[in-house]
Amino acid sequence: MFKRILIVVDQRQVSRVAIKQGVAIAAAHGAEALFFHVLPRYTVPVADMPPFVMISPEEFRRDAHAKATKLLTAAALVADKAVVTNKTATGGGEDDAHCIADAARQRRCDLIVAASEGRNALLRLLTGSVIPGLITVSPVPVLVVKESARTGSEARAAVMPKKPRRKAQAAGGAPLRRRGARA
Amino acid sequence: MTDRPGLTADPPDGAVISRVMVVLQDSDETQAAATEGVALARAHGAEVFFVDIPEPPADTLVEGLQLSVTARAHLIDEMHRNAHHHQAAALGLARQEGVSAQTFSVASPHLIAQAAQSQSCDVIVVANTGHNAVVRLLIGDIVPMLITESSVPVLVCRAPGARPER
């Protein structure tokens with residue numbers, strides 16, 4: 001169904017969930033994974049206060065590229081482990097969501113996987129989350145995964161050893177009932 | 001699951017999709033969600049749960065005047081008729097693709113995330129109505145609500161023609 005999946009990689013912890021889920025879907029569909037990282041923009045410090053640390057645009061760019069390479073290499077390792085064909089790419093622009101959507105369009109991806117932190121919708125907008133913008137501009141479906149993501153299959157697997165626990169509860173509850181009967 | 005091409009002996013977590021929940025809304029874009037959900041279910045050999053929210057207008061006001069009882073009843077009737085229409089179209093699509101499907105309704109959109117968890121669904125598929133992020137928030141769109149409340153991944157589909165290509 002999916003041929004090429006764009007997975008948004010960033011430095012947040014929750015991004016790992018997107019990598020894991022995206023690679024899993026790519027593996028299930030025999031698709032290629034494209035790990036994409038949006039490079040941060042260099043902003044000139046505001047002039048009414050002297051900056052603590054002055055960093056030149058070149059230095060900033062070099063640093064951003066180094067960080068991106070580190071993140072994308074780690075993501076590619078996850079895909080390699082699952083035997084998923086993968087590529088990595090970086091991009092930059094005025095708006096992160098447009099940048100990701102454009103990359104998906106140019107590289108003919110048919111799904112975008114992005115991670116969301118467990119915030120509410122208003123905070124996502126105010127903190128500059130890429131999710132709301134991506135949903136608006138993306139030409140392809142967007143899969144939003146979360147840190148607490150526990151798929152139905154995992155949930156089913158987790159409830160399997162429920163019976164012994166119930167027995168333990170019943171055993172623990174018995175003296176209570178007896179005490180109540182005496183009173 | 002037997003039909004998982006490309007999976008190795010060490011499958012990553014979350015690869016199995018055995019239940020797909022598709023949210024049917026009273027809009028033209030909902031067909032995109034049904035199509036995407038059914039295609040996903042077909043690819044994974046999964047079953048589909050179509051869920052709709054036949055929400056009766058709680059206090060239907062038009063320019064500050066409450067509608068008469070008959071008008072409200074008429075609105076509810078129409079809402080149920082539309083819900084049945086979307087359900088029938090979605091079920092027909094699933095049948096056509098050979099995917100096992102069932103429908104159910106929830107009383108409030110806030111219950112969808114809970115329903116997905118209680119039904120052990122692996123993904124929720126919903127259509128984007130084509131508004132921008134701020135408007136989605138203001139009109140109480142279901143997409144931000146689902147992303148916030150759901151613990152399972154949410155697949156937001158873009159309806160064809162919902163927004164002009166850049």
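1. A nonpolar core is a set of buried Ala, Val, Leu, Ile, Met, Phe, Trp, Tyr and Cys residues joined through side-chain atoms within 4.5 Å. Keep that in mind for what follows. The model is predicted. Its largest nonpolar core has 46 residues. The members that touch the most others are A:Ile5, A:Ile7, A:Phe35, B:Val20 and B:Phe50. Helix H1 of chain A, residues 15-29, gives the most to this core, with seven residues.

2. Look at A:Ile7 in the largest core. What is A:Ile7 in contact with, leaving aside neighbours within four places in sequence? The list includes A:Ala18, A:Ile19, A:Gly22 and A:Val23. It also includes A:Ala33, A:Leu34, A:Phe35, A:Phe36 and A:Val113.

3. Now turn to helix H3 of chain B, residues 111-118. Which of its residues are buried? They are B:Ile112, B:Ala113, B:Ala115 and B:Ala116. Seen down the helix axis, the buried residues fall within an arc of 160°, so they line one face of H3(B). An α-helix has 3.6 residues a turn, so residues three or four places apart point the same way. On the other side of H3(B), B:Gln114, B:Gln117 and B:Ser118 are exposed.

4. What covers the buried residues of H3(B)? The cover includes three strands of chain B: E1 (19-24), E5 (101-105) and E6 (123-128). Helix H5 (142-149) of chain B is also part of it. Just after H3(B), B:Ser120 takes a positive phi of about 55°.

5. B:His131 sits in the loop between E6 and helix H4 (133-138) of chain B. Is B:His131 buried, exposed or partly exposed? Its relative accessible area is 33%. Buried means under 20% and exposed over 50%, so B:His131 counts as partly exposed. B:His131 and B:Gln31 are 100 residues apart in sequence. Their C-alpha atoms are 17 Å apart in space.

6. Next, the cavities. There are two of 30 Å³ or more. Twelve residues line the largest cavity. Nearest its centre lie A:Ile25, A:Leu143, B:Ile17, B:Leu40 and B:Val123.

7. Last, confidence. The predictor gives the complex an ipTM of 0.80 and a pTM of 0.79. Chain B averages a pLDDT of 79, and 77% of the residues score at least 70. Over residues 1-14 of chain B, the pLDDT is below 50. This stretch has 33 contacts in the model beyond near neighbours in sequence. Where pLDDT is low, the predicted coordinates should not be read in detail.

How values were computed: Residues numbered from 1 in each chain as written. Chains lettered and ligands numbered in written order. Predicted model: local features only at pLDDT ≥ 70, side-chain atom pairs only at ≥ 80, totals over all residues. Heavy atoms only, no water. Buried < 20%, exposed > 50% of the residue type's maximum accessible area, 1.4 Å probe, protein only. Helix = DSSP H or I, 4+ residues; strand = E, 2+ residues; numbered from the N terminus. Contact = heavy atoms within 4.5 Å. Arc of directions from axis to C-beta. pLDDT = per-residue confidence, 0-100. 1 Å grid on protein atoms, 1.4 Å probe; cavity = no way out; pocket = protein on both sides within 12 Å on 5 of 7 lines; lining within 4 Å. Points joined across faces, edges and corners; volume = space filled by probe spheres on them.
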